[in-house]
Amino acid sequence: MNDLESRLSRLTSASGRPPVLPAADVSYALHDTQIGTLLLATAAGRVVASSFGDEETMTTRLARAISPRVLRQPAALDDLRRQLDEYLDGRRHEFDLEVDLALATPFQRLVLSDLPSHTSYGRTTTYGRLAGEIDRPKAARAVGTALGANPLCVVLPCHRVIGASGALTGYAGGLDAKRFLLNLESKS
Amino acid sequence: MVSERVSLPPFQALVDEHWRDVARLARALAGPVDGDDVAQRAWEKAFAAYPNLTSAKNLRSWLLTITSRCATDLHRARRPQSPLDESLPVAVDGPESAEWPDPDLWQAVNELPERQRFAVTLKYVGDLDHHGVAAALDTTPAASRRLVSDALATLRNKLGVDHE
């Protein structure tokens with residue numbers, strides 16, 4: 001590139017501001033909590049993600065599953081953030097939200113969608129018992145895998161499901177997070 | 001039956017990656033006052049059209065093409081109606097000292113005929129190749145090459161820069 005061409009490439013300085021866009025098909029926000037950063041997303045008024053996954057991976061999955069019009073629009077998540085904060089402070093026992101398991105497979109939906117009715121605040125159940133309750137008594141391991149892929153962590157309480165031995169077994173947000181949530185629920 | 005869908009990246013990734021380039025091009029094409037409006041309008045159009053895109057390739061070039069068209073629309077709206085004035089370049093708002101690092105060049109670029117001005121700006125501020133410039137200006141790469149080289153020749157003369 002000669003002198004004139006490089007002068008042309010610097011014709012305007014880098015300034016301006018990011019665009020302001022209308023409500024996206026999928027709005028998301030990163031929310032810092034006591035148990036880590038959650039990526040929260042909503043589409044058509046329903047919560048579609050509450051995940052410990054990273055921003056790029058999660059927004060790419062949302063773009064594929066729902067719509068590529070995915071934008072960081074924290075205001076759309078205000079209600080969910082408030083409810084999560086209340087829950088994590090021990091001031092809320094149930095979520096008053098509509099959810100959509102658009103990111104889940106059919107089997108994951110079967111396992112996850114009725115989780116609030118198969119578990120209750122402050123109580124744990126086991127993978128085997130949950131497998132029996134959804135009429136898949138031999139699928140305890142598959143149930144565990146489906147819970148591990150929960151796109152709606154905390155909102156759908158997969159943390160209340162533990163191993164038959166009483167071991168916490170695993171959690172997308174790490175075992176410390178699972179322990180935090182179970183302690184929180186046992187105290188309140 | 002579900003039709004085959006292109007796998008487009010989340011729109012936020014486009015905004016994060018390209019908003020500065022869109023802003024720079026919009027300001028170079030439309031001036032400091034209208035530039036931000038042109039960029040904003042370009043993003044609104046891109047956002048509306050995005051789900052219907054049939055290819056996820058060259059998204060940067062696609063965004064800069066939309067920006068260029070929004071700048072053209074603004075120019076057409078502002079251009080004097082008399083056909084006698086058609087060939088005259090349309091003045092863009094003047095430079096604001098600190099924001100415009102090269103006022104002499106800015107002046108000379110703005111005195112170019114519109115097509116040349118757009119072509120040379122898309123090529124160097126937008127960093128598009130001649131295929132990209134041609135797509136933005138609805139013309140051929142050969143015509144883009146001609147517009148850019150004519151523009152460079154005029155600029156060299158005006159600015160007293162030696163041929164290299």
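**Exercise 1. Describe how chain B of this predicted model is built, starting from the sequence separation of its contacts.**

Solution. Step one takes the contacts in chain B between residues at least 6 apart in sequence: 65% of these join residues at least 24 apart. Step two turns to the elements, and chain B has 6 helices and 0 strands. Along the sequence, the pattern reads α-α-α-α-α-α. Step three concerns burial: of the 164 residues in chain B, 38% are buried.

**Exercise 2. State which residues and elements of chain B take part in the contact with chain A.**

Solution. The contact draws 37 residues from chain B and 30 residues from chain A. On the side of chain B that touches chain A, the elements giving two or more residues are α1 (11-49), α3 (103-110), α4 (114-124) and α6 (141-159) of chain B. Of these, α1(B) contributes the most, with 15 residues. Sorted by class, this side of chain B holds 24 nonpolar, 3 polar and 10 charged residues.

**Exercise 3. Determine how far α4(B) is covered, and by what.**

Solution. First, the count: 9 of the 11 residues of α4(B) are buried, and the helix is mostly covered. Next, the names: among the buried residues are Phe118(B), Val120(B), Leu122(B) and Tyr124(B), and also Arg117(B) and Lys123(B). Finally, the cover: it includes α1 (3-9) of chain A, together with α1, α2 (59-78), α3, α5 (130-136) and α6 of chain B.

A residue of chain A can be followed here. Ser9(A) lies in helix α1 of chain A. Apart from neighbours within four places in sequence, Ser9(A) contacts Tyr124(B), Val125(B) and Asp127(B). Ser9(A) is classed as partly exposed because 15 other C-beta atoms lie within 10 Å, while a buried residue would need 20 or more.

**Exercise 4. Identify the residues with the most contacts inside the largest nonpolar core.**

Solution. The largest nonpolar core has 86 residues, and those with the most contacts inside it are Ala41(A), Ala49(A), Val22(B), Ala26(B), Val38(B), Ala42(B) and Val120(B). The largest share of this core, 14 residues, belongs to α1(B). Taking Ala42(B) as an example, and not counting residues up to four places away in sequence, its partners are Val22(B), Ala26(B), Ile66(B), Thr67(B) and Cys70(B).

**Exercise 5. Classify the packing of α3(B) against α6(B).**

Solution. The two axes come within 10 Å and cross at roughly 130 degrees. An angle over 145 degrees would count as roughly antiparallel, and 65 to 115 as roughly perpendicular; α3(B) and α6(B) are therefore oblique to each other. The crossing in which α3(B) passes α6(B) is right-handed. Asp104(B), Leu105(B), Ala108(B) and Val109(B) of α3(B) make the contact with Leu155(B), Lys158(B) and Leu159(B) of α6(B). By class, this contact has 5 nonpolar, no polar and 2 charged residues.

**Exercise 6. Compare the surroundings of Val154(A) and Asn58(B), given their positive phi values.**

Solution. Most residues other than glycine have a negative phi. Phi of Val154(A) is near 70 degrees, and phi of Asn58(B) is near 55 degrees. Val154(A) sits in the loop between α7 (140-148) and β6 (161-162) of chain A, and Asn58(B) in the loop between α1 and α2 of chain B. With 23 other C-beta atoms within 10 Å, Val154(A) is buried, whereas Asn58(B), with 14, is partly exposed.

Methods
Residues are numbered from 1 along each chain as its sequence is written. Chains are lettered from A and ligands numbered from 1 in the order in which they are written. This is a predicted model: local features need pLDDT of at least 70, side-chain atom pairs count only at pLDDT 80 or more; totals for chains, interfaces and linings use all residues. Two residues are in contact if their C-beta atoms, placed from the backbone, lie within 7 Å. Helices (H or I, at least four residues) and strands (E, at least two) are DSSP runs, numbered from the N terminus. Ala, Val, Leu, Ile, Met, Phe, Trp, Tyr, Cys and Pro count as nonpolar, Asp, Glu, Lys and Arg as charged, and the others, Gly among them, as polar. A residue is buried if 20 or more other C-beta atoms lie within 10 Å of its own, exposed if 12 or fewer, and partly exposed in between; C-beta atoms are placed from the backbone. A nonpolar core is a set of buried Ala, Val, Leu, Ile, Met, Phe, Trp, Tyr and Cys residues joined through C-beta atoms within 7 Å. Axes are lines fitted to C-alpha atoms, for helices over the stretch in contact, and angles run from 0 to 180 degrees between N-to-C directions. Angles under 35 degrees count as roughly parallel, over 145 as roughly antiparallel, 65 to 115 as roughly perpendicular and the rest as oblique. A crossing is left-handed if the near helix is turned anticlockwise from the far one by less than a right angle, and right-handed if clockwise.
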